[in-house]
Amino acid sequence: MRVGANSDSELLARIEDAGINASAPPQQRLLDGWLLRFSPGAAKRARCINAVAPGVLPLPDKLARCEAVYADAGLPVVARITPFSQPPSLDAALEARGYLRHDDTEVQLLCDLPLLAVPAGGGLSAERIGPVRFAQIAGALRQAPLALREAHAERLANAPVPFTGFLLKRDGELLACGQHAIEGDLVGLYDIYTAQAVRGQSLAGRLCIEMLNHARSLGVRHAYLQVEADNAPAQAVYRRLGFAKGYAYHYRIREGA
């Protein structure tokens, strides 16, 4: 993985930090420079190893300790591999240890946020709500089990950065949802989801415009989001808004976990 050649490396490093902060669950601990997370929810970024610093332990010893910690927690070991992971040899070491690659993801950027035009017509309205209520509504829209909704709500309630939820409706019917997290002059877009029955109507793009314009009104300069590399419909939506790839990451999960 390589940081995008046309992107500012300092900005990308700040965005990586902001993404880690925005996904912080209450269940986490440090182990020799690595941030270990244990949220029982569905989001891998809230239940994985973030290798943020090299530490002093030999890598095989550190991995063995991590595996023991996750075994005690009753969770599979998931490691998030980014251009910033320490040590840089971590990806190869995990592969050699039997960890399989999953969920190639792009972190995309929109710098110097413009004021985006809101498409006219359609009878659409946007509503802003608090993060805990958002977790319940978004979970219901996704038909997520109650336990996952509660884990999501717990994470948002304890987040170190402020989240705001957005609902897109027509005549009171919920069509799409999303939320943003603001840290300084950065805004991250998260949990963008369109109801199955109304997909293909540019609703996700319309919702993103509402979120980005709101963030801009609060003084935000740059936006980022995370999207799976093979999610062509979402990629097209974000490209139309002006987002471009900044860097990529993926996960490593032990075979059979």
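The following legends describe close-up views of a predicted model. Local features need pLDDT of at least 70 and side-chain atom pairs count only at pLDDT 80 or more, while totals for chains, interfaces and linings use all residues. Residues are numbered from 1 along each chain as its sequence is written, and side-chain values use heavy atoms, with hydrogens and water left out.

**View 1. Strand β8 and its antiparallel partners β7 and β9.** Helices (H or I, at least four residues) and strands (E, at least two) are DSSP runs, numbered from the N terminus; two strands pair if DSSP finds at least two bridges between them. Strand β8 spans residues 173–183, and eight of its eleven residues are buried (buried, under 20% relative accessible area; exposed, over 50%; partly exposed, in between; 1.4 Å probe, protein chains only). Eight bridges connect β8 to β7 (residues 163–170), with K169 opposite L174. Seven bridges connect β8 to β9 (residues 186–194), and here C177 faces Y193.

**View 2. The hairpin turns on either side of β8.** Two residues separate β7 from β8, and D171 in this turn has a positive phi of about 50°. The hairpin of β8 and β9 likewise has two residues between its strands; G184 adopts a positive phi near 60°.

View 3. F163 counts as buried because its relative accessibility is 8%. Leaving aside residues up to four places away in sequence, F163 touches A22, P131, L156, Q179, H180, A181 and Y190 (contact, heavy atoms within 4.5 Å).

**View 4. The salt bridge between R14 and D185.** A salt bridge is a side-chain nitrogen of Lys or Arg within 4 Å of a carboxyl oxygen of Asp or Glu, and the whole structure contains 14 of them. In this one, the closest N and O atoms of R14 and D185 are 3.0 Å apart. The pair links helix α1 (residues 9–22), which holds R14, to the loop between β8 and β9, which holds D185, across 171 residues. R14 is partly exposed at 34% relative accessibility, whereas D185 is buried at 19%.

**View 5. The salt bridge between K44 and D103.** The N to O distance is 2.7 Å. K44 lies in the loop between β2 (34–37) and β3 (49–50), and D103 in strand β5 (residues 99–110), 59 residues apart. Both count as partly exposed, K44 at 22% and D103 at 28% relative accessibility.
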